[in-house]
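Welcome! Take a moment to look over the protein shown here, and then read through the short briefing that goes with it.

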Amino acid sequence: TDENVHTLASLLKLYLRTLPEPLLSYDNYLTLIHVSDDLENSAGQEQLNEIIKKLPTPNKVLLQELCRFLKRVAQFSEQNKMTSENIGIVFGPLLLFPPENSLASMDPILQLEHSPRVNRLAVYLIDNCDKILNSEIEFGAEDGLSEEDWQIQMTIKDEAIAKLRKNLIEAQQDFERLQQTLRTTESQVADLVKA
């Protein structure tokens with residue numbers, strides 16, 4: 001149902017919002033704000049590629065999967081009204097935001113200036129994810145993990161995903177029970193008002 005879709009979308013946004021650092025990293029915030037103005041040119045595109053290559057592997061993997069998913073959502077924009085521009089408005093601020101207590105996070109004028117740039121960057125990542133975020137993510141010394149250690153990490157990740165799925169299902173069931181209780185309470189209140 002539509003409620004389930006919205007609940008899952010809210011959980012995805014909550015997950016991204018509560019990461020200790022945005023997927024695109026605090027360190028890249030100002031650089032990416034400037035790069036977003038130059039994405040029509042090959043120099044800006046190349047600079048974005050270089051920044052993404054230097055992200056930690058977990059960030060790259062999640063960014064790749066998220067952008068591919070969001071691109072798929074945008075392909076159904078006639079039905080869901082979620083064009084890549086609309087998705088960029090929703091997810092851009094979750095992919096890239098300034099560190100707490102930084103000038104960019106405390107100055108409302110800077111926030112107004114940066115917001116469309118962050119959204120533009122998100123739209124570019126979604127529309128061009130297959131070109132920018134290639135499926136062959138290399139695992140190397142920059143990750144500090146050997147192939148064997150990486151496989152162990154992936155097993156842990158798979159177990160965490162299974163647990164997250166279970167928690168999502170339980171949260172959805174709790175939400176549905178809460179909705180039913182609310183409907184029952186509303187009905188009881190309506191009956192009391194009539195009496």
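This is a predicted model: local features need pLDDT of at least 70, side-chain atom pairs count only at pLDDT 80 or more; totals for chains, interfaces and linings use all residues.

Residues are numbered from 1 along each chain as its sequence is written, and side-chain values use heavy atoms, leaving out hydrogens and water.

**Overall fold**

- The chain has 10 helices and zero strands; helices (H or I, at least four residues) and strands (E, at least two) are DSSP runs, numbered from the N terminus.
- Of its 195 residues, 32% count as buried, where buried means under 20% relative accessible area, exposed over 50%, and partly exposed in between (1.4 Å probe, protein chains only).
- Among contacts (heavy atoms within 4.5 Å) between residues at least 6 apart in sequence, 71% join residues at least 24 apart.
- The accessible surface of the chain is about 12,800 Å², and 57% of that belongs to carbon and sulfur atoms; such areas come from the Shrake-Rupley method with a 1.4 Å probe, and for residues only the protein chains shown count as cover.

**The nonpolar core**

- A nonpolar core is a set of buried Ala, Val, Leu, Ile, Met, Phe, Trp, Tyr and Cys residues joined through side-chain atoms within 4.5 Å.
- The largest one has 33 residues, of which Leu24, Leu48, Ile52, Leu63, Leu121 and Leu125 touch the most other members.
- At least two residues of this core come from each of α2, α3, α4 (57–74), α6 (84–95), α8 (108–127) and α9 (129–132).
- The biggest share is from α8, which gives six residues.
- Leaving aside residues up to four places away in sequence, Leu63 touches Leu23, Leu24, Ile52, Leu55, Leu95, Leu125 and Leu133.

- Look for Ser36 in the loop between α2 (29–35) and α3 (42–53).
- Is Ser36 buried or exposed? Ser36 is buried, with a relative accessible area of 1%.
- Beyond residues up to four places away in sequence, Ser36 touches Arg117, Arg120 and Leu121.

**The cysteines**

- A disulfide is a covalent bond between the sulfur atoms of two cysteines.
- The whole structure has zero disulfides, counting a pair of cysteine sulfur atoms within 2.5 Å as one.
- Cys67 is in no disulfide, and its nearest cysteine sulfur is that of Cys129, 6.1 Å away.
- That distance is too far for a bond.
- Cys67 counts as buried at 1% relative accessibility, and Cys129 counts as buried at 1% too.
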